[in-house]
Amino acid sequence: MPESGEGRILVTGALGQIGTDLVENLREIYGSDKVLASDIREISGHPSVSSGPFTLLDVLDSDKILKLVENENITIIYHLAAILSAKGEEKPELCELINVGGTKNILEAARKNKIRVFVPSSIAVFGPDAPKHAPQLTPLNPSTKYGMTKVDCEILGMIYWQKYGVDVRGIRYPGLISWKSPVSGGTTDYAVDIFHSALSPKKSYNCFLRADTKLPMMYMEDAIRATITLMNQPIESLSSARCGYNISGLSFTAEELSSEITNHIPGFICNYQPDIRQNYADSWPDSVDDEVAKNDWEWKPEFQLETLVKDMIENLTK
Ligand SMILES: NC(=O)c1ccc[n+]([C@@H]2O[C@H](COP(=O)([O-])OP(=O)(O)OC[C@H]3O[C@@H](n4cnc5c(N)ncnc54)[C@H](O)[C@@H]3O)[C@@H](O)[C@H]2O)c1
């Protein structure tokens with residue numbers, strides 16, 4: 001059980017790829033009424049989130065965040081609202097405003113109300129100068145605006161922890177693969193879109209990355225387990241990586257994914273037509289070293305490429 005006591009959990013950006021799965025899991029564990037989902041968008045078309053309380057919330061509205069936190073007895077926030085990499089590069093000002101400005105508003109509300117906060121980071125914090133197997137500690141010089149906002153959020157989290165004692169925790173998520181909600185605006189979206197195309201009558205996909213592009217990836221089930229495990233760790237077990245733990249799931253190239261899908265869907269064809277997103281992918285590592293997460297909170301992934309592809313296809317064809 002969470003250390004939320006009698007308090008409730010607020011999830012921002014709850015209608016997105018991660019929120020759709022996270023809200024469902026949190027409600028299974030803690031009860032539907034304990035988890036207040038929120039987003040800037042209306043809830044229609046999101047059956048798994050509409051099973052419990054929902055409110056419209058723009059994370060740029062600091063007054064509304066404060067009122068919600070106080071009136072709804074919030075003691076834990078999972079702050080998922082953000083603009084992702086591909087959309088962030090198209091709209092860098094908006095990306096900075098929402099990712100950094102929204103996080104500041106959430107951290108301020110947390111400071112005033114002694115709230116534990118989860119602020120996700122990303123493998124996009126690494127830049128082209130980081131080793132291709134990225135260690136926990138290495139200079140963070142991202143070349144994308146999105147990556148810069150993620151570094152800023154890790155730093156903000158550490159400032160709020162060190163100066164004000166706000167219990168901020170975060171994970172540098174790899175590209176996440178899931179079947180419950182559509183993806184949009186990320187560079188690793190190809191690894192979800194490819195399944196939908198493979199299962200369509202056309203049985204073909206135009207991949208926007210090169211065949212040999214290798215990136216750190218993870219199945220959503222593993223990512224949700226990691227997130228909830230981290231949030232329930234005793235505070236004293238966390239190290240200075242607390243705002244941006246590297247966690248490793250699996251690493252594969254676009255071609256390796258496509259060939260595993262072909263094992264299940266004979267005749268599937270993947271064509272490669274790299275676009276601007278190739279540049280973002282090229283600036284990120286192939287894999288990450290997650291020794292610190294393993295030591296601090298015994299992180300261990302469960303899904304490998306074969307099990308992930310099988311599970312995705314089974315669920316998408318149900
Ligand atoms: N999905 C991934 O592969 C991945 C990988 C690394 C890191 N992350 C991080 O995880 C977090 C969640 O990612 P996701 O994939 O669920 O993103 P998503 O784009 O699927 O969802 C984000 C949600 O935030 C909402 N939103 C946007 N602006 C808002 C605002 N001003 N106020 C309130 N809500 C707003 C959107 O409506 C959307 O529902 C982000 O911080 C992202 O950077 C995701």
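Helices (H or I, at least four residues) and strands (E, at least two) are DSSP runs, numbered from the N terminus. The model is predicted: local features need pLDDT of at least 70, side-chain atom pairs count only at pLDDT 80 or more, and totals for chains, interfaces and linings use all residues. Residues are numbered from 1 along each chain as its sequence is written.

H1 has 14 residues and reaches 21 Å from its first C-alpha to its last, close to the 20 Å expected at 1.5 Å a residue; the expected span is 1.5 Å times one less than the number of residues. Its buried residues are Gln17, Ile18, Gly19, Thr20, Asp21, Leu22, Val23, Leu26 and Arg27. A residue is buried if 20 or more other C-beta atoms, placed from the backbone, lie within 10 Å of its own, exposed if 12 or fewer, and partly exposed in between. Just after H1, Gly31 has a positive phi of about 100°.

H1 also gives the most to the shell around the ligand, with three residues. Helix H4 (92-113) and strand S10 (175-177), like H1 (17-30), each supply at least two residues of this shell. Of the 28 residues around the ligand, Gly13, Gly16, Ala81, Ala82 and Tyr173 come nearest, where a residue is near if its C-beta atom, placed from the backbone, lies within 6 Å. The shell comprises 14 nonpolar, eleven polar and three charged residues; Ala, Val, Leu, Ile, Met, Phe, Trp, Tyr, Cys and Pro count as nonpolar, Asp, Glu, Lys and Arg as charged, and the others, Gly among them, as polar.

At least three shell residues come from each of domain 1 (8-126 + 136-174 + 220-246) and domain 2 (177-217 + 249-317), with bounds from an automatic or database domain assignment. The domain centres, taken over C-alpha atoms, are separated by 23 Å. The contact takes 30 residues from domain 1 and 27 residues from domain 2. On the side of domain 1 that touches domain 2, the largest share, six residues, comes from H7.

In H7, Met220, Asp222, Ala223, Ala226, Thr227, Leu230 and Met231 are buried. These residues lie on the same side of H7 because they cover an arc of only 160° around the axis, taken from the directions from the helix axis to the C-beta atoms.

Notes. Two residues are in contact if their C-beta atoms, placed from the backbone, lie within 7 Å.
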